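I opened the notebook to look up the fold of one chain.

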Amino acid sequence: MRRRSLLALAGLGALAGCARTGATVQPAAGPSGASATFPPGFGWGASTSAYQIEGAATEDGRGPSVWDVFSHEAGRTRNGDTGDVAADHYHRLTGDLDLMRDLGLRSYRFSVSWSRVLPTGRGAVNQQGLDFYRRLVDGLRERGIAPVVTLFHWDTPQALQELGGWENRDCAQWFADYAHTMYTALGDADPTWLTLNEPKTVVDVGYTAGIHAPGKRDRQLANIVGHHLLLGHGLAVQALRAAGTGGRIGAALSLSPVYPADETDAARSQATASDAEENRRWLDPVLKGSYPQDWLATQPAAVRTAMRDGDLAVIGTASDLLGVNYYGPTHITGTGSRVMKHPTSQATWQEIDPNGLYDLLTRIKRDYGDVPLTITENGMPTTNAFDDQDRVTFLREHFAAAHRAIAAGVKLESYHVWSLMDNFEWAEGYTQRWGMVHVDYTTQQRTLKASARWYKEVIARNGV
Ligand code: GCO
């Protein structure tokens, strides 16, 4: 099941209504193997998230999150898998940092477990939790790797969920307070901060389809949650400015270029509506401080009432960059259904189309201006456990598309492959391997796959 466009698949649409400046780049590469050199200092990186890799779920004072509770409920994940141990990164931090150094990574995007730092989501700080992230950030800096810190990657503290979680407007302020704790603790390391990871997935998958935590199926509530998430983003940006500590900040949005499946007016109009859901309802508030009118018109009174005067000014507080998670395009028919026009990966929701990345990046520039961009996620799962040539091909073609976008003037600064290592893939448990590094979940041994060895060469020569 596709996670990122469930509305179209489930037929619920009706319910919902760098190039561093001045750097020159070589001619773009095609899949044929022509070379493409990226701008000097390009941030080749990899991405992970806390619940997906850390394990140590009950250690050193960590409190439970919604994902601890959800994954332990019967029938929620494949084989009943949980993140209790995951890739045991919490205990293997030094080895994993050395692995990143050996790959030559220049940037590493990870997330902080809110309930490791604040076991009940607010109030007393768990120093051991903060110490872990301090060691992580210092270890990255010692190895010449830039830290990119995501503050929220879906693991709302369970204690806050019991107060309504993001359904409760107060959660936006609880999030900003937690963000402030992190700015104070790690700001001197000058990380890049990312507020939210993929609020769309929380709304569509956690609150509409109910296949991610907290497992609710209520579209109206989902869209109220979406607004509160965005408010939390804006308040967290403001909290960074107020804290006066180091680091740039932005959101990480999952975006998908939407195309009409055919040339009919009906398909075009459905594609416009789908684009509002997939992209504009997230991009516009963050980058323009407004909701798109066509999307707003689909929202019931209860959702509009949740949007109070002044909220959009907070949400649109100027950020420094935008994180883009790109997995594939969306094609919409005249009846609003999604159809696949390209091959999919093992994740059947994922349509593989590198050109969609070019279209997406250039569209952001065209419609939202020269906001500095980082690709915060891009990758694919494969059943080829070690010799993952399909992933090599996937990455090569997506890197080439990113290079073409840079040549077209897009300010793309860095590229984080999802994922550094195999990990807990949410409702799919451990059945999908997205890593460039293989994890043996019995021994926790790490082994470089073909893609990791290839990526190391890409980084070393700064191009494909
Ligand atoms: C997401 C998340 C990741 C996923 C990855 C693969 O985009 O859904 O940020 O946590 O694991 O995307 O599905």
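The entries below go from the whole chain to single strands.

**Entry 1: the model.** I noted at the start that this is a predicted model.

**Entry 2: overall build.** I looked up the secondary structure. The chain has 17 helices and 13 strands. I then checked the extent. Along the principal axes, the C-alpha atoms fill a box of roughly 55 × 55 × 45 Å. I also asked what radius of gyration the chain has. The value is 20 Å. For 464 residues, a compact globule would have a value near 23 Å, and the chain agrees with that.

**Entry 3: surface and burial.** I looked up how much of the chain is buried. Of the 464 residues, 61% count as buried.

**Entry 4: charges.** I counted charged side chains next. There are 45 positive and 51 negative ones. I took the centres of the two sets as well, and they lie 3 Å apart.

**Entry 5: strand β1.** I turned to β1, residues 43–47. Is this strand enclosed or open? Five of its five residues are buried, so β1 is largely enclosed by the rest of the structure. I checked each face separately. G43, G45 and S47 are buried on one side of β1.

**Entry 6: partners of β1.** Which strands pair with β1? One is β11, residues 412–418, in the parallel sense over five bridges. Within that pairing, A46 stands opposite V417 of β11. Another partner is β2, residues 107–111. The pairing of β1 with β2 is also parallel, over three bridges. There I found R109 of β2 as the bridge partner of S47.

**Entry 7: an open sheet.** I looked up a three-stranded sheet next. It is open, with the order β6-β8-β9 and mixed pairing. Which strands stand at its edges? They are β6 (258–260) and β9 (338–339). Each has a single partner strand, so one side of each is left without a neighbour in the sheet.

**Entry 8: the β6 and β8 contact.** I followed β6 to its partner. β6 pairs with β8, residues 330–332, in the parallel sense over three bridges. P260 has I332 in β8 as its bridge partner.

Key
Residues are numbered from 1 along each chain as its sequence is written. This is a predicted model: local features need pLDDT of at least 70, side-chain atom pairs count only at pLDDT 80 or more; totals for chains, interfaces and linings use all residues. Side-chain values use heavy atoms; hydrogens and water are left out. Helices (H or I, at least four residues) and strands (E, at least two) are DSSP runs, numbered from the N terminus. The radius of gyration is taken over C-alpha atoms; the globule rule is 2.2 Å times the number of residues to the power 0.38. Buried means under 20% relative accessible area, exposed over 50%, partly exposed in between (1.4 Å probe, protein chains only). Lys and Arg count as positive and Asp and Glu as negative; His and the chain ends are not counted. The place of a charge is taken as NZ of Lys, CZ of Arg, CG of Asp or CD of Glu. Two strands pair if DSSP finds at least two bridges between them.
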